Every structure is written in C-alpha cells, then in structure tokens.
Amino acid sequence: ARQAADAARQRDAAVASARRAEASSDVLSFLVSQIGNRPMTMREVLDRARVALEKQYANTPEVLARMLTQLSGRYQELNEPRTVLDILERVRELSLPLNNPLMMASVECDLAETAADLGELDAARRHLADGQRYLAQLTPRPTGVAVECLISAQSVALAGRRYEDAVAPALEAIAILEAEGKTSTTLYSSALNTASNALDALDRKREALVYQGRITALLERIGRDRTAAMGVNLHNQALTLWDLGRWRAADETYRRALGIVGGFDQAAKVPSIYIVTYGRLLVQLGRDDEAQRWLARGLAMEPGPSSLHLRAISAMADLHMRRGALGQARAALDEVSANAATLAPRPLLEHRLRVARLEALEGKSGDARAHVDEALATIGYPARTDAASLYRVLVRAADIALLAGDAATAERMARDAVAASDRACGSDVPSALRGEARLVRARSLAALGTPQPGLATDAASLIAGAAGSDHPLVRLAGGVR
C-alpha cells in the first residue's frame, strides 16, 4: 500500500510538493499572473511560468533558484518527476557559482529524493553524499535542510530496499522537529510520512498506522484536510488497514480519500492509482459489481502493461474465479504472466498464488501444489514461520491446498496462519484476516473429519466485526458451523 515503487511515487508526490511549495506566495502570485484569456491546464500554466521566471529573474540567480525550487513542487503535484528532476538540475546549475553551502545542500538532497523516486539509485546516492557534504559545512546545522537530507536518506534507502536503514533517518528527522517545537508544518508531516513508509516496508503495519493517524490529525490541525497531501495519507492509511484485515475501516478511509481527490467524479482527472486501488479493495470486500466498475475505469486509464494495469487485471482475475468464469480468469492471468518480470516481489508472490488457485479450480491439483510450494519458498516457509508477511500468504496458500484436496497440508498452514495473523494484526481490534485464517482452519478440520464449530463461530465474529455481517466469508463460516 504503498508498496510497489510506481505506487509509492504517485502516493507520496503530494507530500514532497507540499514541502517544497509551502511558503511559495511569490510563486503563487506569479502563477496567477500567467493565466491568459483562454482556459489553460495547470501544466500549461506551469510551463509558461517556468519560461517567464527564467526571463524575469535572469540577473538574480539566487532568487530564480528559490522560485524554481518552489515551482518544482507544483510539477510534483502533477506527478511529473522527470520534469521535477530537470528543474532541480537547473537550480543546482544556478546555485553552484554562488558558493552557498546551504543552497547546495538543499538542492542536492532534493535531487537525491527525486532520483530515488525515479529509480535512478546511483545518481540518488551521489546527490545524497554531496548534499550531506555541504550540510557538514554549516554551523550551526539549519533544521530545515538537515531534515530534508534525512528524508532524502530515507527515500534512497527505501528505493534500494534497505528497509532497516530507512527507519533511523526518518525517526531522527521527527525528533529534530519535535525538539524545536516545529510540529505544525508540512515538513513535519513529511517526516512522519517517511517514518510510516519505512515501517510499512518492514511490515510493521500497526506502528505505521500510528504515524499515519498522526499525519491525519496534523493536516486537519493546520487546515490542510482537503489537500492532495491528505489524499495521499488517507490512501496510505487505508492500505495499512487493509493489510491488517480492518477492511470496513479501510473502505471508509479510502472513500474519504476519493472525496478529496475527486475520485467519484467520472470527468475529473484523478491519478489512476486511486481508481485501481479502490477497485481492488472492493474485491476484498466482496462487492463484486462495484469492483468491476472501478477496475474497468482504472484499466481504461492504464491501458498498457504498467504495474497498476497488471494489478487491475489480477483483481479482475479474482472476480472471474469467484464467478466461475475460469476461461476469463486464465486469459487475465496469462497476460500478467507474460509481464511477470516487471512485477515487484509482493505482487509476483500474489500472482503465483492466483495461478495456483486457478489451477486448483481447473482440477490441476499437482500444478497448484507445486506453485504454492514455489511461492512459499520465496518467504522461507516452512523453515521460517516468523516472516512478517507470512499471515497474508498462508491464508491464501491454505485455501488453495484445501481446494486441491490436501486437507492435512491446509490445516497445518492454516494453524500457522492463525498464529502469524494474531501476531501481526493484534487482538485489540477485529481483523478479517484473523477471522479468515480461523475459517480456513475450521474448513480444513471439517474436511479431515474433526470439526470444530467454535472455530468457525470465532471466524464469523471477527470477519463481521472487521468487514460487515453481509461479507461472503461470514456466510461461508455459517455453512461450516
């Protein structure tokens, strides 16, 4: 959630842009002055402003550099990271002759973060090292730029999948701002966001959720509750709730995000990640007709084999399997398989499990079991039962084993899934994933001739509390009882 690189770029764009453009009243005035007599897109306004700034401030490079930096934040809001990189390279070019370590530290760290977002890791690491070198020349160290460079260090670590290394700089940035009482700014919001992203990447979901709640409260407090930054945070928060099995809360949170970004307006230009993600969430909630409409809309916006396109196609395959349309499911998954090399680790693991489920439904039990074993091997199971993401995978794997007629293996996996989901999701709030793990185990035990009706009752209660009493899994649990 938040988890593939392209999704992270879209969901965090508003946070970076808000940070760079927070005090940009000069740029805002300049943008307004560029609006002509005909309707213009925001991109056209920005492009015109960029040219005009270069002309008007050609003889004052320090002012031009500052205003271009602020303008880059506006491009970031449009999800134009390559243009942002070009502008920041221009800012660096303007700043170099000025012999100003503060300006250089700031632009180098901004460049590091943007290059990391684009997946250009070598450039990101080089810019980060240069930014830290300029920062070391400043005594005392300015809080704002110090925090910018810590946030950039976290972004570079995340882009390189060094998740453990991403936590410390994020927490240090928060501590610096809190020590100075600077907790009502978008910079503080950005620091909280980087911490939640790092914790989420480590599957420390409940900790990530705490930080996301703090961001929501902060943005409401400073009057930014209807901004793109709030939409981004609610998107992240909903994905975390989803991963914790709190599906109804995820739905409520995501609908709030869609209201902010205009997702309910068919004519609005909304980042496709919001449309596809909500479609996928609706599949999880068992609201199939709604899910199909949202996913179809997302696919119209993402026609090519992008990561989001493949995720939407995968969710469509889930719908087809649920409806018994196995031929359509096979065609959808074949398209994903043809592009499997582009998938990040988690979507690839989920794809392997989908293929295995389809094979079980097609009666290819041996192939299904082989694909389940292959998927589980990537997270070290059964040798390891402590992987943070184990609970999500084992619930699916146990269900597939049961479909393939291997109730004993299904029961063993489901037993481990119950323990793993209890650890990961906690017992303080109902979790549909905890309920689903218990339901698969109850079904497995029934298939083995040793039914435990109480287990199915517990499953139904957990699922109803987290996803609603009308969720299809609640009805399934009633049948097992």
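Analyst: Arg43 and Asp47 sit together in helix H3 (residues 42-56), four residues apart, or about one turn of the helix. (Helices here are DSSP runs of H or I with at least four residues, strands are E runs of at least two, and both are numbered from the N terminus.) Keep in mind that this is a predicted model, where local features need pLDDT of at least 70 and side-chain atom pairs count only at pLDDT 80 or more, while totals for chains, interfaces and linings use all residues. Residues are numbered from 1 along each chain as its sequence is written, and side-chain values use heavy atoms, with hydrogens and water left out.

Back to that pair: Arg43 makes a salt bridge with Asp47, and their closest N and O atoms are 2.9 Å apart. A salt bridge means a side-chain nitrogen of Lys or Arg within 4 Å of a carboxyl oxygen of Asp or Glu, and by that rule the count is 35 salt bridges. Arg43 is partly exposed, at a relative accessible area of 29%, and Asp47 is partly exposed with 29% as well. For the cut-offs, buried is under 20% relative accessible area, exposed is over 50%, and partly exposed is in between, using a 1.4 Å probe and protein chains only.

Now for some buried charges. Asp200 forms a salt bridge with Lys205, with 2.9 Å between the closest N and O atoms. Asp200 counts as buried at 3% relative accessibility, and Lys205 is buried at 3% too. Lys205 also has a salt bridge to Asp243, where the closest N and O atoms are 3.1 Å apart. Lys205 belongs to helix H11 (residues 205-221) and Asp243 to helix H12 (residues 228-243), so this pair ties together parts that are 38 residues apart in sequence. Both Lys205 and Asp243 are buried.

Asp251 is buried, with a relative accessible area of 10%. Its side chain joins that of Arg287 through a polar contact of 2.8 Å. (A polar contact is a pair of N or O atoms within 3.5 Å; within protein, one must be able to donate a hydrogen and the other to accept it, and residues adjacent in sequence count only if both atoms are side-chain atoms.) Leaving aside residues up to four places away in sequence, Asp251 touches Tyr278, Leu281, Leu285 and Arg287, where contact means heavy atoms within 4.5 Å.

Cys109 and Cys149 are joined by a disulfide, S to S 2.0 Å, the rule being a pair of cysteine sulfur atoms within 2.5 Å. Cys109 is in helix H6 (residues 101-117) and Cys149 in helix H8 (residues 143-159), so the pair ties together parts 40 residues apart in sequence. The link is right-handed, with 95° about the S-S bond, and both cysteines, Cys109 and Cys149, are buried. The count by this rule is one disulfide.

Last, a quick look at helix H16 (residues 307-323): its 17 residues reach 25 Å from first C-alpha to last, close to the 24 Å expected at 1.5 Å a residue. That expected span is 1.5 Å times one less than the number of residues. Of the 17 residues of H16, 13 are buried, so this helix is largely enclosed by the rest of the structure. Just after H16, Gly324 takes a positive phi of about 80°.
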